[in-house]
Amino acid sequence: MKITDLLDKKSISIGGSASGKEDAINKMVDLMAASGKIADVDTYRKGVFAREEESTTGIGEGIAIPHCKSDAVKAPGLAAMTLPNGVDYDSLDGAPADLIFLIAAPNTEDNVHLDVLSKLSTMLMDEDFTGKLRAAKSADEFIGIIDEAEGGKEHAEGIVGNAGGKLILAVTACPTGIAHTYMAAEAIEKKAKELGHAVKVETRGSGGAKNILTDDEIAKADGIIVAADTKVPMDRFNGKKVVVTKVANGINKPEELINQALSGSAPIYHGDGSEAKSSGSSGGGGGAYKHLMSGVSHMLPFVVGGGILIALAFLVDTICGYGETAGGNFGVMTPLSAFLKYVGGLAMGLMVPVLSGYIAYSIADRPGLVVGFTGGLLASSGNALLASFPFAEDNLTGFNKFIANFGFQAPDGGNTVSGFLGGILAGFLAGALVLGLKKLCANMPKSLDGIKQILIYPLVGIFLMGVLMCFIFNPLIGLVNTWLSDMLSSISNAGLTAVLGLLLGAMMAIDMGGPINKAAYVFGTGMLAQAADMVANGAAQNDPAVQACYIAMASIMVGGMVPPIGIALACWIFPKKFTKEERGSAPSNIVMGCSFITEGAIPFAASDPLHVIPCTMIGAGVAGLLSAVFECTLMAPHGGVFVFATVGQPWLYIVAWLVGSVITAVLLGILRKPAKEG
């Protein structure tokens with residue numbers, strides 16, 4: 001969407017006039033109504049005047065940007081008027097306004113237009129651009145000037161300016177988050193660069209927080225400015241000198257604010273720890289989403305790096321000729337492949353603890369890390385095996401027996417690993433536990449602050465996390481796994497091959513390495529063992545019972561290969577539905593999908609489970625179903641494309657894989673909302 005897509009020629013007045021501010025706003029509303037984008041003109045008009053009562057939208061330099069976000073707006077729109085003689089608009093600098101833009105924003109969750117409006121706000125800080133608009137002789141020329149200028153103007157991301165200068169950080173925000181937020185950001189950024197400093201500005205508009213300031217940047221900052229007319233997260237600045245002011249001052253007094261921030265005269269901000277920490281989290285959505293994205297962004301490098309190393313291990317064994325003969329040892333048949341798989345496996349093993357730890361860190365600051373990491377380890381490792389401890393042979397009674405029965409896994413018990421879904425639960429649980437402990441300890445003497453950080457929070461937090469995971473959540477997951485295994489065995493025994501393929505494929509894509517995925521995979525490897533026993537007892541390879549075992553394993557692997565490939569395709573086909581970071585991981589997802597590493601899809605599923613998991617589950621289920629219907633077989637328990645030599649009906653197997661992946665990609669394109677870059 002472009003600025004000119006929102007601007008109708010019927011809503012542009014060149015060389016207009018107004019008797020005063022009220023008359024100017026009424027004429028602008030009438031221009032907007034002429035575009036047909038307002039369902040209820042009176043309600044919209046009242047909304048524009050109500051916004052004006054909060055603070056003037058005459059930002060100075062002859063520019064005014066009245067705006068309203070309302071249910072009365074049918075579609076986003078702009079109206080514009082040039083006034084050669086100007087009008088008294090109560091502007092911040094007292095000067096008359098001679099260039100007015102009116103913004104109409106619908107009150108919906110779909111905020112795709114906000115990026116366009118923020119770009120316009122940024123462009124209006126360019127004096128050459130506004131000068132050309134004032135000189136336009138017709139509506140067509142006015143639109144042409146905007147169209148020509150729109151190409152390259154974007155608010156900068158990350159730290160920009162002179163790396164050798166001082167580091168200025170700023171946060172800008174206004175009540176509606178449509179225009180002033182971005183104009184203040186542009187003014188501060190432009191002035192900081194003129195003064196020879198490095199600068200980064202976090203904007204908190206209607207489209208969510210963007211260009212988030214990180215903990216490391218805050219620690220290194222020489223000056224911090226918060227120019228906001230609405231609440232922004234402040235506890236992250238605890239102990240730092242912060243200039244807090246109105247967003248209007250960010251637009252009109254950037255040099256004054258920068259000098260004050262660098263002079264050291266700003267007051268030190270003291271937070272009370274009551275706010276959920278937002279640094280390092282992604283914009284968009286509510287607080288829970290921001291905490292979740294904090295965990296996902298830290299987890300992603302472990303998934304990519306570890307997953308590709310494992311894929312390389314499979315490739316090495318394939319090149320060395322072990323693709324058809326290695327069986328369950330595929331990937332560790334040579335010293336080089338074993339080394340790659342070992343290191344990659346360790347990195348992949350850290351992904352759930354990191355996910356949990358940084359969700360908790362986002363919620364409860366540094367004390368949440370240790371509790372979150374512990375919860376993630378318990379989720380990824382499950383309960384300890386009772387038989388591995390000396391007391392397993394003792395006659396346990398009373399409370400000890402209770403702990404043994406519910407806090408440990410019996411030798412013949414079900415799997416208690418909860419995977420990434422359990423890791424998400426553990427992260428939020430850890431954050432809540434630590435916040436609760438902070439409140440309980442709030443009235444302790446300040447002399448004990450150090451004790452709280454290094455003793456009370458980690459000790460009590462880890463203990464409570466262990467109790468909750470081992471005594472409640474992991475045993476419940478064990479019951480689910482037992483039920484799943486029994487269900488799959490019943491379907492297999494009934495000869496419902498196609499149904500089994502559908503279920504196995506879908507199960508591989510629900511929790512990407514979690515208990516449901518593992519239940520399906522363990523069932524498949526058990527089927528391979530059963531086939532081996534039947535062959536050892538005299539059954540032929542083409543015996544229907546033996547083939548049924550191989551068909552089940554084929555459905556499992558193709559189902560596990562669909563999510564990463566489907567997501568990668570969606571990133572390329574529907575780029576607006578994914579963030580820049582997500583799009584950048586698409587090539588690694590291709591590698592992991594081809595290598596039967598379903599975990600490549602975890603960052604996407606973790607960040608948007610309600611949309612991603614159904615899409616991957618449906619695509620993988622269809623792939624498993626087609627594989628079973630085509631009677632594709634697989635005699636290896638792992639390996640992806642590297643073991644296709646052991647696949648029966650390989651071309652039809654590829655068809656099933658591609659169909660499932662395309663279905664996943666298309667569903668993601670339909671169901672996912674446009675991404676909000678953080």
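**Close-up views of a predicted model**

**View 1. Tyr 358, Tyr 361 and Phe 373 form one aromatic cluster.** Rings of Phe, Tyr and Trp (its six-membered ring) are paired if their centres lie within 6.5 Å. A search of the whole structure finds seven aromatic pairs. The model is predicted, so that local features need pLDDT of at least 70 and side-chain atom pairs count only at pLDDT 80 or more, whereas totals for chains, interfaces and linings use all residues. Residues are numbered from 1 along each chain as its sequence is written, and side-chain values use heavy atoms, with hydrogens and water left out.

**View 2. Phe 402 and Phe 471 form a stacked aromatic pair.** The ring centres are 5.8 Å apart, with 20° between the planes; planes under 30 degrees apart count as stacked, over 60 as edge-to-face and the rest as tilted. The pair links distant parts of the chain, 69 residues apart: Phe 402 belongs to helix α15 (residues 398-407) and Phe 471 to helix α17 (residues 449-493). Helices are DSSP runs (H or I, at least four residues), numbered from the N terminus. Phe 402 is partly exposed at 40% relative accessibility, and Phe 471 is partly exposed at 24%. Buried means under 20% relative accessible area, exposed over 50%, and partly exposed in between (1.4 Å probe, protein chains only).

**View 3. Phe 644 and Tyr 653 form an edge-to-face aromatic pair.** Their ring centres are 5.5 Å apart, and the angle between the planes is 70°. Both residues of this pair, Phe 644 and Tyr 653, are buried.

**View 4. Helices α20 (residues 544-573) and α22 (residues 586-594) pack with their axes 8 Å apart.** The packing angle is about 155°, and α20 and α22 are therefore roughly antiparallel (over 145 degrees). Axes are lines fitted to C-alpha atoms over the stretch in contact, and angles run from 0 to 180 degrees between N-to-C directions. Residues in the contact (heavy atoms within 4.5 Å) include Met 561, Ile 565 and Trp 572 of α20 and Pro 587, Ile 590 and Cys 594 of α22.

**View 5. Asp 365 and Phe 596 are loop residues with positive phi.** Most residues other than glycine have a negative phi. Asp 365, with phi near 70°, is found in the loop between α13 (351-364) and α14 (367-381) and is partly exposed at 30% relative accessibility. Phe 596 has a phi of about 60° and lies in the loop between α22 and α23 (602-607). At 5% relative accessibility, Phe 596 counts as buried.

Notes: Helices (H or I, at least four residues) and strands (E, at least two) are DSSP runs, numbered from the N terminus. Angles under 35 degrees count as roughly parallel, over 145 as roughly antiparallel, 65 to 115 as roughly perpendicular and the rest as oblique.
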